[in-house]
Amino acid sequence: GQLDKWITLVEGLRVEEMAEKLSGEFNINQRKFISSAKEGYMFPDTYLIPVNTSEEKIVSILRKNFDNKVFKNIVNKAKKNCLTGSELVILASIVERESKNGEERPIIAGILLKRLKEGAKLEADATIQYAPLFVKYYFADKILTLYASRLSSATPVPRATHSIGSS
């Protein structure tokens, strides 16, 4: 039988969307993958993955690729914009979900960075996409403050995988 399988994970997927795609190709548990993966740090790319691999190994492969291709770039850009690396990952994932194409990304990022510097609400529609997933875990007001950048100026949680162009 086949020892390895190619799979492409495209930009803009949330961790649960990756889990769904991966479970269709590999014998993995979606919940285990989701609980192991850190949103925003699973790099979208084409991978050659062993067929009989664990959720943790796939997460490790995706994270290592993120670290190799993006992390140093993010740290440098974050410092230039007075942000932490984590804050820039969050911003990049929001930019990825907000943009329709690569040409829009710098414009959207500039707007969001300006709002962050001013302490204004981000007012990005992408930030509410997670709320339905967590309805059973949080009360409505907690969801709104955690995920709705239209209601809070706090930095939200990461939204999706992002391209190098979004970071």
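Author: A salt bridge here is a side-chain nitrogen of Lys or Arg within 4 Å of a carboxyl oxygen of Asp or Glu. Keep in mind that this is a predicted model.

Reader: OK, how many salt bridges does the structure hold?

Author: The structure holds eight salt bridges. One of them pairs Glu-11 with Arg-105, where the closest N and O atoms are 3.4 Å apart. This pair links distant parts of the chain, 94 residues apart. Glu-11 sits in the loop between β1 (4–8) and α1 (15–25), and Arg-105 belongs to helix α5 (residues 105–118).

Reader: Why can side chains pair like that at all?

Author: Side chains of opposite charge can pair when their charged atoms come close.

Reader: Is Arg-105 buried or exposed? And what about Glu-11?

Author: Arg-105 counts as buried because its relative accessibility is 13%, and buried means under 20%. Glu-11 has a relative accessible area of 44%, so it is partly exposed.

Reader: Next one. Which side chain does Arg-14 meet in a salt bridge?

Author: Arg-14 meets Glu-17, at 3.9 Å from N to O. Arg-14 is buried, with 13% relative accessibility, while Glu-17 is partly exposed at 27%.

Reader: And which Arg in helix α4 is linked to Glu-17?

Author: That is Arg-97, whose side chain meets Glu-17 in a salt bridge of 3.5 Å, N to O. The two are 80 residues apart, with Glu-17 in helix α1 and Arg-97 in helix α4 (residues 85–98). Salt bridges that share partners join Arg-14, Glu-16, Glu-17 and Arg-97 into one network.

Reader: How accessible is Arg-97?

Author: Arg-97 has 22% relative accessibility, so it counts as partly exposed. Its C-alpha atom is separated by 8.6 Å from that of Leu-13, and these residues are 84 apart along the chain.

Reader: Changing topic to helix α1. Which residues of α1 are buried?

Author: They are Val-15, Glu-16, Met-18, Ala-19 and Leu-22. Seen down the axis of α1, the buried residues fall within an arc of 150°, so they line one face of the helix.

Reader: What exposed residues are on the face turned away from that buried side?

Author: That face of α1 carries the exposed residues Glu-20 and Gly-24.

Reader: What do the buried residues of α1 pack against?

Author: The buried residues of α1 pack against β1, α2 (30–36) and α3 (55–80).

Reader: Now the core. How many residues are in the largest nonpolar core, and which touch the most other members?

Author: The largest nonpolar core has 37 residues. Those that touch the most other members are Leu-22, Phe-33, Met-42, Leu-62 and Leu-112. Two or more residues of this core come from each of α1, β2 (46–50), α3, α4 and α5.

Reader: Which element gives the most to this core?

Author: α3 gives the most, with seven residues.

Reader: You listed Leu-62 there. What is Leu-62 in contact with, leaving aside its neighbours within four places in sequence?

Author: With those neighbours left out, Leu-62 is in contact with Leu-9, Met-18, Phe-33, Tyr-41, Met-42, Phe-43 and Tyr-47. Among them, Met-18 is also one of the buried residues of α1, and Phe-33 and Met-42 were named with Leu-62 as touching the most other core members.

How values were computed. Residues are numbered from 1 along each chain as its sequence is written. This is a predicted model: local features need pLDDT of at least 70, side-chain atom pairs count only at pLDDT 80 or more; totals for chains, interfaces and linings use all residues. Side-chain values use heavy atoms; hydrogens and water are left out. Helices (H or I, at least four residues) and strands (E, at least two) are DSSP runs, numbered from the N terminus. Buried means under 20% relative accessible area, exposed over 50%, partly exposed in between (1.4 Å probe, protein chains only). The arc is that of the directions from the helix axis to the C-beta atoms. Contact means heavy atoms within 4.5 Å. A nonpolar core is a set of buried Ala, Val, Leu, Ile, Met, Phe, Trp, Tyr and Cys residues joined through side-chain atoms within 4.5 Å.
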